[in-house]
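Visitor: I would like a close look at a single part of this model, please. Could you take me through the charged pairs and then the nonpolar interior?

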Amino acid sequence: VMAPPSTPGDRTPSVLEPRRRAGVAGRSPLDVRIGLARAVDAKDPSTRRHSERVADLSWVIGGALGWSSARRTLLREAALVHDVGKIAIPDAILFKAAELTPHEYETIKDHSRIGAEMLEGVMTTEQVAWVRGHHEWWDGGGYPDALVGEHIPEGARVIAVADAWDAITSLRPYGIPRSTAQALEECRLHMGTQFWPPAVIALACVVHDLEG
C-alpha cells in the first residue's frame, strides 16, 4: 500500500524554463506542455510514444463507458500530458535500472502533482484533476492525495487503467511485456484495490473488440 508522498518545494517555475530556451515563443501553453510530455517519452526508447498510446486507449475506454465524444476529447487531451510532470524529475531517478530508494520513490511520485500545477490555466479544472489523480488507487492506497473510491475523479480512474495497461504490455528495462491475456488477468486481479472496476471491465471489452 502506497502512502501519500512528502511535498517538496514547488519546482514548476524551473520546469517551464525550457520553453524560453527552446525558442517556442508564440506557441500555446498547452502545445508547449504537450511538447514537454513527448520530450519525456523520447528520452527513453522503452517509454517512447507511451503518452500517445495512453491517450488513445483512454479515448476508447471512455467510449466503452458511454462518454460523449466531447468529453472523451477532454480525456484524451489530459491523458496525452498525464506524465508531463516527469520533466521535473532527475534523469538519474527517472531512468534508474536498479530499485529506487525510498527517497527516490517519493521524488518520482511527485510528478503527478507537478504535472497538474503545470497545466493549471491551460486545461480545465477537471482535466487538471484527472492528471493529478491518475495514480490514485480505488482503495485509497495511491498518491498524491490518497483519495478513495468515488472521490477520485472519473477521468483519473480511466487514465490509471490505460497507463497501467501500456506499462504491462510494453517492453521495459524492468520486465518483459505481458500477453493480452496476462495483462487482462493482472488488471482484473487489482479491480477494487488499485483500479476502478468499471474501467477494467470496459478495457476488457475494448481489447476483445480490437482483437476481433
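Guide: Let us begin with Arg157, which counts as buried because its relative accessibility is 7%, where buried means under 20% relative accessible area, exposed over 50% and partly exposed in between (1.4 Å probe, protein chains only). The side chain of Arg157 meets that of Glu150 in a salt bridge, at 3.2 Å from N to O; the term stands for a side-chain nitrogen of Lys or Arg within 4 Å of a carboxyl oxygen of Asp or Glu. Glu150 is exposed, with a relative accessible area of 60%.

Before going further, a word on the source: this is a predicted model, in which local features need pLDDT of at least 70 and side-chain atom pairs count only at pLDDT 80 or more, while totals for chains, interfaces and linings use all residues. Residues are numbered from 1 along each chain as its sequence is written, and side-chain values use heavy atoms, with hydrogens and water left out.

Back to the charges. The structure holds 11 salt bridges. In one of them, Arg113 pairs with Asp110, their closest N and O atoms being 2.7 Å apart, and both Arg113 and Asp110 are buried. Salt bridges that share partners join Asp110, Arg113 and Glu117 into one network.

Glu126 and Arg71 also meet through their side chains in a salt bridge, at 2.9 Å from N to O. This pair links distant parts of the chain, with Glu126 in helix H9 and Arg71 in helix H5, 55 residues apart; helices here are DSSP runs (H or I, at least four residues), numbered from the N terminus. Glu126 is partly exposed at 34% relative accessibility, and Arg71 is partly exposed at 28%.

Now for the nonpolar side. A nonpolar core is a set of buried Ala, Val, Leu, Ile, Met, Phe, Trp, Tyr and Cys residues joined through side-chain atoms within 4.5 Å. The largest one has 47 residues, and those with the most contacts inside it are Ile61, Val81, Trp165 and Leu203. Helices that each supply at least two residues of this core include H3 (29-43), H4 (50-64) and H12 (197-211). H10 gives the most to this core, with eight residues.

Follow Trp165 and you find that it touches Leu57, Thr180, Ala183, Leu184, Cys187, Leu203 and Val207, not counting residues up to four places away in sequence; contact means heavy atoms within 4.5 Å.
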